[in-house]
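Hi everyone, thanks for making time.

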Amino acid sequence: MFRRLMMMKITLMKCDNQQQHTFIQGCSRATSGAVMDKVPLKKAKTPKGRFDNPDDKTKDVLEKFPGDVNPLTKEKGGPRGPEPTRYGDWERKGRCVDF
Amino acid sequence: MASVRAASRLLSKRVLSKSKAVPAAAVQGSRNFHFSIYGKKNNAKVSDDISTQYPVVDHEFDAVVVGAGGAGLRAAFGLSEAGFNTACITKLFPTRSHTVAAQGGINAALGNMEEDDWRWHFYDTVKGSDWLGDQDAIHYMTEQAPAAVVELENFGMPFSRTDDGKIYQRAFGGQSLKYGKGGQAHRCCCVADRTGHSLLHTLYGRSLRYDTSYFVEYFALDLLMENGECKGVIALCMEDGSIHRFRAQNTVIATGGYGRTYFSCTSAHTSTGDGNAMVTRAGLPCQDLEFVQFHPTGIYGAGCLITEGCRGEGGILINSEGERFMERYAPNAKDLASRDVVSRSMTIEIREGRGVGPEKDHVYLQLHHLPPQQLATRLPGISETAMIFAGVDVTKEPIPVLPTVHYNMGGVPTNYKGQAITHTNGEDKVVPGLYACGEAACASVHGANRLGANSLLDLVVFGRACALTIAEEHKPGESLSPLKSSAGEESVANLDKLRFANGSLRTSEIRLNMQKTMQAHAAVFRTGSVLKEGCEKMDVIYKSMDDIKTFDRGIVWNTDLVETLELQNLMLNAVQTINSAEQRKESRGAHAREDFKDRVDEHDYSKPVQGQETKPFEQHWRKHTMSYVDPKTGKVTLQYRPVIDTSLDEQNCAAVPPAIRSY
């Protein structure tokens, strides 16, 4: 019964992010369930949660030039990656574009 | 509370005083953002003149534009700017038009990278068209090109820049300096790698400033013609199934190309040549439909093109026996032979039964013999592309490819001003009230072969030209000429017939038959016997349209019905294409025949012209094809029209006399 009360308290307090960690740690010590100690509580995929690790972004194959200026041709705002017209057609990511 | 009231009084005072300073023309009435017809002066009337079962709404405008791609939007807001009450009918939302896929650039002789002259651009375009382009239209386009690009840039299109802030121009196919003698010219202006997307969004954003009424997701069925004059358009509202008749003094067709007649094409599913078909059903001709541009390596099924750089980096083409077949066709150049040689070799392999796949209708492009690191550095992103579009791991499996359509040079014949024309008694005659621009039109700037980066230029220049011509010859608010109250009956009857069609063949089956036939017979490899066989097969398929079966009997958002209407349009384009190709007994530009490998002009231009007899008009092929179809039987009649060989101003820009085209 006491455990159930503590569980309810955890769900109620979850919305307060800042205090979450300290409170949950406090709770797990109080409930003393061996299982609860081993499994770390994962943050839900709320928008806030998703941006917490900036290294998780997928890398785009074509990197942007520094300052958006192509170092070889000094073109500002041009296509990223190698020169699209190098094979005589307009190439991007292996696709040829018709225009 | 009192302070709020005072503040609101102050604000309203400011608004009033502001509006005094603004000219009257710019003060708009309440303008709805969602393009409903109720935002404007409400003159739409419901009538039951042509049908008691379908609600028909009549609208009256000064000008109607069919299609909202690059050319359509430019024409629509050009007309609105000139004060015309304009309607823009489109079956897609404007920013979904196929213009958005043109990632390359626009050619213009701005002279930012080196000394440049539009007359050199004119020469390059005339040569590229294999002397089938009308030189007055090419003169108009290349002379207007710098002004058009600067105008786009003033609209806010974010071109890439050089160090000193001018528009950056890069070298791209077929452009030279000093009439071909000065080396490669740098004329192609681009916006990173999304020029078409940016162009379309810029034009759309600009067009919202003006008072154009957009009718989005309205499928244009037919032109309303009376006595050879075009008096408007009849369209189906897909959202609620009502029929709308748009009466207007001026109609502009900007509906795009018809790539979907072929099995493998880069065009969207919506590129169905609606404008060409509407014009054909009105009894008017279409011009040069046999000139279709192919690219050798398009992914099977998806239709995306694989760059020639793959073969340049060492990729090879393989048939079902695992043989590198290009060695037989081009022993020296092998896989690096020119595009048309490669396309033809691939087609011959497929025809002779050495194709791959369950239907043996394509070949493989093998890249897995190259080191993956080299692939990743030289062609970044190709593994992503191959996985997404072909579902193959490019480091382990080959990519299925076949020659793919990507542009249609032909379309509605126009003069350099954008007015639609017919050719009777040896003279060009303007069709009153009808204009065309963009890929749907054939002012013939591209002739027999289109140069890259010229098509986006074509869109904006001729879109503007249509608007200017209409503004010159008509005034806003002109009274409309009378139209029979039963105009458009046949279109509604056709719609009704298709909606309740109960034959045995589905729309998708007939469409696939047509696409496979066109791909097998009217693609890159063209010879007399193959084309004749194709013409007969297409005849049978055209007649099989009488046996069509549709399933959706509803009227609200009936995509089955719309696809069937699009199939009717595609059929008309396909029969004209294959019949014109069969009749044209020469090879010129994109139309290459195995049995007639040379160009047949009025003189043999490989030798000096003096002393040669001029061949009569009937015996040479430097002429435009004008094709008519009888929609009931599918029979095609062909006539011919001479090419315009004089520029608009001989003093300023001399026309280019024909010569042998060699690069």
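This is a predicted model: local features need pLDDT of at least 70, side-chain atom pairs count only at pLDDT 80 or more; totals for chains, interfaces and linings use all residues.

Okay, the interface. How many residues take part on each side? On chain A there are 28, and they're in contact with 42 residues of chain B. Together the two chains bury about 2900 Å², with 53% of that on carbon and sulfur atoms.

Now the polar side of things. Between chain A and chain B there are 16 residue pairs in polar contact, and 5 salt bridges cross the interface. One to zoom in on joins the side chains of Arg92(A) and Asp193(B), at 2.4 Å from N to O. Strands E1 (90-92) and E2 (95-97) of chain A each give at least two residues to the side that touches chain B. And what is that side of chain A made of? You'll find 12 charged residues, 10 nonpolar and 6 polar.

The largest nonpolar core has 77 residues, and Val64(B), Phe246(B), Leu434(B), Met514(B) and Met538(B) have the most contacts inside it. Helix H16 of chain B, residues 559-583, brings the largest share, 11 residues. There's also a second, separate core of 66 residues, which includes Phe99(A) along with Ile106(B), Cys188(B) and Val191(B).

Let's finish on Met538(B): among the residues it touches are Met514(B), Met571(B), Val575(B) and Ile578(B). That's me done, thanks!

Notes
Residues are numbered from 1 along each chain as its sequence is written. Chains are lettered from A and ligands numbered from 1 in the order in which they are written. Side-chain values use heavy atoms; hydrogens and water are left out. A nonpolar core is a set of buried Ala, Val, Leu, Ile, Met, Phe, Trp, Tyr and Cys residues joined through side-chain atoms within 4.5 Å. Buried means under 20% relative accessible area, exposed over 50%, partly exposed in between (1.4 Å probe, protein chains only). Helices (H or I, at least four residues) and strands (E, at least two) are DSSP runs, numbered from the N terminus. Contact means heavy atoms within 4.5 Å. Buried area is the accessible area (1.4 Å probe) that two parts lose on being put together, summed over both. A salt bridge is a side-chain nitrogen of Lys or Arg within 4 Å of a carboxyl oxygen of Asp or Glu. A polar contact is a pair of N or O atoms within 3.5 Å; within protein, one must be able to donate a hydrogen and the other to accept it, and residues adjacent in sequence count only if both atoms are side-chain atoms. Ala, Val, Leu, Ile, Met, Phe, Trp, Tyr, Cys and Pro count as nonpolar, Asp, Glu, Lys and Arg as charged, and the others, Gly among them, as polar. Lists of a residue's contacts leave out its neighbours within four places in sequence.
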